[in-house]
Amino acid sequence: MNPNESLVADTKNTWCPGCGNFAIQHAVKFVIEEFEKEGVPRENFVFVTGIGCHAKIADYFNLNSFYSLHGRTIPVASGIKMANPDLKVICFAGDGDLYAEGLEHLIHAAKRNIDITVICHNNRVYGLTTGQYTPTSPYGYRGKSTPGGIHEYPLNIIEMLLGSGATFVARGYSRKIPLLKRIIREAILHPGFAHIDVLQICASFFNMTPQYDEFVYETSEANVSQFDVACRTGQQWNYSDPGPIPLGIFYKTIKPSFPENKEKKVINREEIIRTILSRYS
């Protein structure tokens, strides 16, 4: 891997004009360049993606990456991290990919506090397959598979992650790039499971720009270690009704992470062999 080579690959980009993925890509590129300047080589980063528009981000970076099956980013990322705890493993997933097919993996990764970073490109529809509803689509959303509107309420992902034991929970917005950069950097540095729910628009099938621009605000992080405060912040928006949408790091705490940093045993092979042979002498 050539450190002088651009982080962004020459691969033709096929995201729709105006897609929020561009902003996420820019923020991630900025953060990794910062880490490189601080001495972290780019080969220490591994991207794992699921299936969906977001997954193309693996093609657009000159970094180690792995395309996983639909909803299976976290098991793959967990395996990579366990095999080499020194790597910085970042999962990219869409809201359908992660909050529907991959939901069980997400809950248990949070519970286990495995030391990976998860970035969810949450456009609240299945964009690649032209706009079906996902677990975070609002009540009444009309898509091609639900022309009469859906009659179920969305998951509040922030509440769910807090209840699952996640030690770093945050929400970003693709049109608030400075904040998004800071959140991504802190998530990567966090020693444990870190989740960022990034609100972005699907320019083709669910353009929420006017609502997001009107309602998002940066929440205070003064009490970021207090669980009850984080719960109240997460309840301020239910992913359906219009109203203030808090952004920022909602909760951050330190707990033993997985894989644990255990002290490596020093094995004296010659001594072991002598001990075994002595039993037969």
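The structure holds zero disulfides, a disulfide being a pair of cysteine sulfur atoms within 2.5 Å. Cys19 is in no such bond, and the nearest cysteine sulfur, that of Cys53, is 6.4 Å away. Cys19 counts as buried at 13% relative accessibility (buried means under 20% relative accessible area, with a 1.4 Å probe and protein chains only). Cys202 is also buried, with a relative accessible area of 9%, and its sulfur is 6.5 Å from the closest cysteine sulfur, in Cys16, too far for a bond.

This is a predicted model, in which local features need pLDDT of at least 70 and side-chain atom pairs count only at pLDDT 80 or more, while totals for chains, interfaces and linings use all residues. Residues are numbered from 1 along each chain as its sequence is written, and side-chain values use heavy atoms, without hydrogens and water.

Strands here are DSSP runs of E with at least two residues, and helices are runs of H or I with at least four, numbered from the N terminus. Strand 3 runs parallel to strand 1 (residues 45-49), joined by five bridges, and parallel to strand 4 (residues 117-122), again through five bridges; strands pair if DSSP finds at least two bridges between them. Phe92 of strand 3 stands opposite Thr49 and has Ile119 as its bridge partner in strand 4.

Conventions:
Buried < 20%, exposed > 50% of the residue type's maximum accessible area, 1.4 Å probe, protein only.
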